[in-house]
Amino acid sequence: MAVTLGTAGELTRRRFASLGRPALIASTLVAGGLTLIAVIGPWIAPYDPDATDVLAAHQGPGARHLLGTDSLGRDILSRALAGARLSFAGPAVIMLISTILGTALAIFSAWHGGRVDRMVNRLLNVMFSVPGVLVAVLSSAVFGSGFWAPVLALGVVYLPYMARVVRSVAVRERHRGYVESLQLAGMSSWRICLRHLVPNVLPIVTAQGTYGFGSALADFAAVSFLGLGIQPPAAEWGVMVSEGRSELLDGALQQSLSAGTLIVVTVVAFNVLGAQLSSRSGGRR
Amino acid sequence: MTPAPLFRIQDLHVRLRHRGGERTLVREVSLSVRSGQSVGLVGESGSGKSVSIKAAMRLLPRGTRAEGRIAFDGGDVLTLGRRELARYRSREVALIHQDPRAHINPTRTVGAFLTEGVVHTGQMNRAEATERACALMADVGITDAARRLHQYPHQLSGGLLQRVMIVAALLPSPRLIFADEPTTALDVTVQSDVMAILLEQIRERQVSMLFVTHDLDLAAAVTDRLAVMYAGSIVETGPSAEISARPLHPYTAGLLQCRPSTAEVKRLTAIPGRPVAAHEAGTGCSFAPRCPFAVERCRAERPHDRSIEGRTVACHRVEEIADRLEERAS
């Protein structure tokens, strides 16, 4: 959920960061592998993820269907592989929005300092206080369910996390001597920000973006799970967890369990990777 | 009549807003630099020399206010508009800092650093800038310039990086260079090299220099005129050689007395007391509490500049004590 940066979240993050090099390698492999699946998933799926086969419904894991089939006889493995694309596309767009807007706001705030900086900080504090999933649910309620309503809402919800972290690094960079030298050399504020400050805060932007991606994926899946994001019969992990609920009563765990496991593994992999990157970027002491 | 100086500070006051009131950082500073001349501005930490330079570059931080007149080539620096200020800063004057490493973007190459400014302001195109940078690098004794251009700041030593800074300062062909303790952060063995290179370059190009340092001997050796600062004010101005040979202000004399000598082994002396900031100075002479010649008048009344022996000295008793100072300093 979006509360990952609270006190508990911060502790988790420190713990993730202290795991060291093996964690960096492992999380890179897992996150990279899952991202690859998100790209090529639909092509490597053994069956058509949307093809129903009522005669083969409710099958347990077996040789023909490695993870079994759901109530409509669709191959769960194929749906999980193909669903990775939508499950990743949501957080990818969320992070794209929050990263671009958040970084821009952070640089703007750091550059001007003083009153502007205080106002921006106050604005960020207000934004922090709004629960993310609630905003996404409201957005779906107002603009209709689907991909874009929750994604745009979460993009704004994730903005302050990016902005706060990047601002702290940008403030430090802004007061380094080289910025003054560039000003003296006759360069405009725009040029200094875009060509010097932005590249120099990119490491922390990347780290925070990676960290946030995991949390955004969980939030996006949660909205779909609630029935307000991606709609069935489309294959998406949140939708799969939701659809598998009715089968739980019959003792068929595989659909909810496989999609749920994928969500958890992805979130952890990206969170660990993000914490590792940020502890290595010099952005955090 | 002598021509008007290239750069002139007249009656400069710098004040800082502080807890509702104001604190004076620099008081009544006047000094001028003629074309091709180098002037030394000497003083302890906190005496206001760097603040004066910052004021001259219009780089004072928020909350500070500069009053008085700073003229460059007849124009008033303090009232320059945005465009004129950018032009003044990027083409007319240049600043060399104490710590070169802090003033270069560590993630960009030396070549990008050197050429970006002059290309951006349209003074030359990239090829010309690179070519001129290479030539200047050779002039300041950087071998293998073409390779250095592709290196990052962390691959260069402090001395080398300061030479790069000298190249950066000279590249836009400025008429005046502010050198703010350019050798202080360097290794002692490198200091004299860098200083010699800087001097050679500015003399060759007829560039004026305002050299800020706390090293009175160094300043006297490399400049034509000296201005000695104490507690935000200039206490003595005059030709460098004369000041170091015959100081007329007790503070200058005290500084000269403090320097170690290689000719004889003796205990290092120090001026008693501690340096005061401009805002701590009372109504009298700010040096009075530490001055061995101070009398009642010194503590009560701020001394005005007096002209004596072709110099300007801010001391009530300069005529009486001039000869005694010379004895003490030698």
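1. Overall size of chain B: a compact globule of 330 residues would have a radius of gyration near 20 Å, and chain B comes out at 21 Å, which agrees. That radius is taken over C-alpha atoms, the globule rule being 2.2 Å times the number of residues to the power 0.38. The C-alpha trace spans about 65 × 50 × 45 Å along its principal axes.

2. A word on ground rules: this is a predicted model, where local features need pLDDT of at least 70 and side-chain atom pairs count only at pLDDT 80 or more, while totals for chains, interfaces and linings use all residues. Residues are numbered from 1 along each chain as its sequence is written, with chains lettered from A and ligands numbered from 1 in the order in which they are written.

3. Make-up of chain B: there are 12 helices and 12 strands (DSSP runs numbered from the N terminus; helices are H or I, at least four residues, strands E, at least two). Of its 330 residues, 44% count as buried (20 or more other C-beta atoms within 10 Å of the residue's own, C-beta atoms being placed from the backbone).

4. Where chains A and B meet, chain B gives 17 residues and chain A gives 14 (contact: C-beta atoms, placed from the backbone, within 7 Å). On the chain B side, helices H2 (82-92) and H3 (110-120) each supply at least two residues. By class, that side has six nonpolar, eight polar and three charged residues (Ala, Val, Leu, Ile, Met, Phe, Trp, Tyr, Cys and Pro are nonpolar; Asp, Glu, Lys and Arg charged; the others, Gly among them, polar).

Key:
Buried ≥ 20, exposed ≤ 12 C-beta atoms within 10 Å, placed from the backbone. Contact = placed C-beta atoms within 7 Å.
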